[in-house]
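This briefing looks at charged side-chain pairs and at one backbone feature. Please keep the sequence and the structure at hand while reading.

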Amino acid sequence: MNNNIKPTLEQLLEFPCPFAIKIMGVSSGQLIGEVSAIIGQHCPEFNADRDLSYKSSNKGNYLSITATITAQSKAHLDGIYQQLNQHSLVKFTL
């Protein structure tokens, strides 16, 4: 077996599946609403009250958000990540 071959996301996950998206952004009154709106465009079943958690950084400058969604495919995840990463308040996603 060749240990240099890395499995693809499709090989690691069985879609649809629960998936946690981590978002780090500038702490602002708008970030949670903006993230919720972006994810809601891609995931109609998304409910921010149920599927979103967040925590402020020690100094309060940044906000770490975890959004749990039902991922339908790699393309579905790619679309969400692309739109999140294009937002001016989002610093990075995992």
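**Salt bridges and a cis peptide bond**

The structure, which is a predicted model, holds 2 salt bridges. The points below take each pair in turn, together with the exposure of its partners, and then move to the backbone.

**Arginine 50 and aspartate 51**

- Aspartate 51 forms a salt bridge with arginine 50, and the closest N and O atoms of this pair are 2.8 Å apart.
- Aspartate 51 has a relative accessible area of 14%, and it therefore counts as buried because that value is under 20%.
- Arginine 50, by contrast, has a relative accessible area of 56%, which is over 50%, so this residue is classed as exposed.

**Lysine 74 and aspartate 78**

- The side chains of lysine 74 and aspartate 78 meet in a salt bridge, with an N to O distance of 2.8 Å.
- Both lysine 74 and aspartate 78 lie in helix α4, which covers residues 74-86, and they are 4 residues apart, about one turn of the helix.
- Aspartate 78 is partly exposed at 39% relative accessibility, and lysine 74 is also partly exposed, with a relative accessible area of 31%.

**Backbone at proline 16**

- The peptide bond that runs from phenylalanine 15 to proline 16 is cis, and its omega is near -10°.
- Most peptide bonds are trans.
- Proline 16 is placed in the loop between α1 (9-12) and β1 (17-26).

Note on methods. Residues are numbered from 1 along each chain as its sequence is written. This is a predicted model: local features need pLDDT of at least 70, side-chain atom pairs count only at pLDDT 80 or more; totals for chains, interfaces and linings use all residues. Side-chain values use heavy atoms; hydrogens and water are left out. A salt bridge is a side-chain nitrogen of Lys or Arg within 4 Å of a carboxyl oxygen of Asp or Glu. Buried means under 20% relative accessible area, exposed over 50%, partly exposed in between (1.4 Å probe, protein chains only). Helices (H or I, at least four residues) and strands (E, at least two) are DSSP runs, numbered from the N terminus.
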